[in-house]
Amino acid sequence: MKKFTLGTAMALVMSTAAHAETVGVSMAKFDDNFLTVLRNGMTDYAKTLSGVTLQVEDAQNDVSKQQSQIQNFIASKVDAIIVNPVDTDATTAMSKLAADAGIPLVYVNRQPVNVDTLPDNQAFVASNEQESGTLETKEICRILGGKGKAVVIMGELSNQAARMRTQDVHDVIKTDECKGLEIVEEQTANWDRTQGADLMTNWLSSGIEFDAVISNNDEMAIGAIQALKAAGKDMTKVVVGGVDATQDALAAMQAGDLDVTVFQDAAGQGKGSLDAALKLAKGEKIEKKVYIPFQLVTPANVKDFVTKN
């Protein structure tokens, strides 16, 4: 009887070990509010899963460092890799590294340039960027009654999200309802709050006049708000929009400074990317693109989103 019990116990241990999975995660950078929520969503979810271990690394916005991290994950024989790319134009090489090693790879949040040609054991989990900038700009257009002058603050141009959200702005302005809107300035602030404030300060110093600020993300929008307030501008006369619905952005909206944002489920993307990676590691087939919907956030419904991101 003792032999049977011991054998059974050993079988259980071996079975558990066989199902234990290690996932390597390379984040573009830790020092980013939205990506922190995404990373925490992933790690918190992993804690609820038996036998799942995450190795999370900070690429510090360095493409070379990120590629080295992927190579290290491969060398340590992880079961799957999740990448939040620093540069979405550099993902073809990353895909090849993982594919050659036979290790599943999932891109999260930032769309890889090779999204339509990903190998069989790779996928992309995010929200459809065509929705984000569209929802933001349509709401700003509605508030302005379809006419006015706007400045556009773009994210890092190496990121597909920045390019797509900016294209969304232009596409909305081409519509009959919003063709009275005019873009008077359009520059990048690289997703950064401080750079957003500096850019707005420069625009104000140049005497540029506008009715709306259309920002690719909340961090840059908050920076713009800080500069506007420092310059003594009446925030009731400037419409400011962003994307992500971070807690800081929601607080700015409740304070009456931010008028529009778009909820991007950061924690949901983190959870979804880990689910996708684990399924691929088990040899399961999944969709190449897994989209989590965006939702428009305004002062009318902001309380519904305060605890989500």
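The following dialogue examines a predicted model of one protein chain and the reasons behind the words used to describe it.

Trainee: What makes up the protein chain as a whole?

Mentor: The protein chain holds 10 helices and 12 strands. Its C-alpha atoms fill a box of roughly 85 × 40 × 35 Å along the principal axes. Of its 309 residues, 50% are buried. Among contacts with a separation of 6 or more, 74% join residues 24 or more positions apart.

Trainee: Which strands form the open sheet of six, and in what order?

Mentor: The order is β2-β1-β3-β4-β5-β11, and the pairing is parallel.

Trainee: Why are β2 and β11 said to stand at the edges?

Mentor: Strands β2 (52–58) and β11 (289–291) each have a single partner strand, so one side of each is left without a neighbour in the sheet. Neighbouring strands of this sheet are turned by 20° against each other on average, direction ignored.

Trainee: How do you know that β3 and β4 pair?

Mentor: Two strands pair if at least two bridges are found between them. Strand β3 (residues 80–83) and strand β4 (residues 105–108) have three bridges, in the parallel sense.

Trainee: Why is α3 called roughly parallel to α4?

Mentor: The axes of helix α3 (residues 63–75) and helix α4 (residues 91–101) cross at roughly 5° and come within 10 Å. Angles under 35 degrees count as roughly parallel, so α3 is roughly parallel to α4. On the α3 side, the contact is made by Gln66, Gln67, Ile70, Gln71 and Ile74. On the α4 side, it is made by Ala93, Met94, Leu97, Ala98 and Ala101. These contact residues divide into seven nonpolar, three polar and no charged.

Trainee: What is the order of the open sheet of four strands?

Mentor: That sheet has the order β7-β6-β8-β9, with parallel pairing.

Trainee: What makes β7 and β9 edge strands?

Mentor: Each of β7 (180–188) and β9 has a single partner strand, so one side of each is left without a neighbour in the sheet. On average, neighbouring strands here are turned by 20° against each other, direction ignored.

Trainee: Which helices are placed against these strands?

Mentor: Helix α5 (residues 129–144) lies across β6, β7, β8 and β9, running at about 175° to β8. Helix α6 (residues 160–173) packs on the sheet and touches β6, β7 and β8, and its direction makes about 165° with that of β7.

Trainee: How do you know that β8 pairs with β6 and with β9?

Mentor: At least two bridges are needed for a pair. Strand β6 (residues 147–154) and β8 have four bridges, while β8 and strand β9 (residues 239–241) have three. Both pairs are in the parallel sense. In β8, Val213 is the bridge partner of Val151, and Ile214 is that of Val152. Ala212 stands opposite Val239 in β9.

Trainee: Which way do the residues of β8 point?

Mentor: From strand β8 (residues 212–215), Ala212 and Ile214 point one way and Val213 and Ser215 the other, and all are buried. In general, side chains in a regular strand alternate between the two faces of the sheet.

Trainee: What unit do β8, α8 and β9 make?

Mentor: Strand β8, helix α8 (residues 218–230) and β9 make a right-handed β-α-β unit.

Trainee: Where is Ile208, and what does Ile208 touch?

Mentor: Ile208 is in the loop between α7 (193–205) and β8. Not counting residues up to four places away in sequence, Ile208 touches Val151, Val184, Glu185 and Trp203.

Trainee: Why are Trp191 and Asp244 called buried?

Mentor: Buried means under 20% relative accessible area. Trp191 has 9% and Asp244 has 6%, so both are buried. Trp191 lies in the loop between β7 and α7, and Asp244 in the loop between β9 and α9 (247–254).

Trainee: What is the phi value of each?

Mentor: Phi of Trp191 is near 70° and phi of Asp244 is near 130°. Each is a positive value in a residue other than glycine.

Conventions
Residues numbered from 1 in each chain as written. Predicted model: local features only at pLDDT ≥ 70, side-chain atom pairs only at ≥ 80, totals over all residues. Heavy atoms only, no water. Axes fitted to C-alpha atoms, helices over the stretch in contact; angles between N-to-C directions. Helix = DSSP H or I, 4+ residues; strand = E, 2+ residues; numbered from the N terminus. Parallel < 35°, antiparallel > 145°, perpendicular 65-115°, else oblique. Contact = heavy atoms within 4.5 Å. Nonpolar A, V, L, I, M, F, W, Y, C, P; charged D, E, K, R; others polar. Buried < 20%, exposed > 50% of the residue type's maximum accessible area, 1.4 Å probe, protein only. Right-handed = clockwise from strand over helix to strand, strands pointing away.
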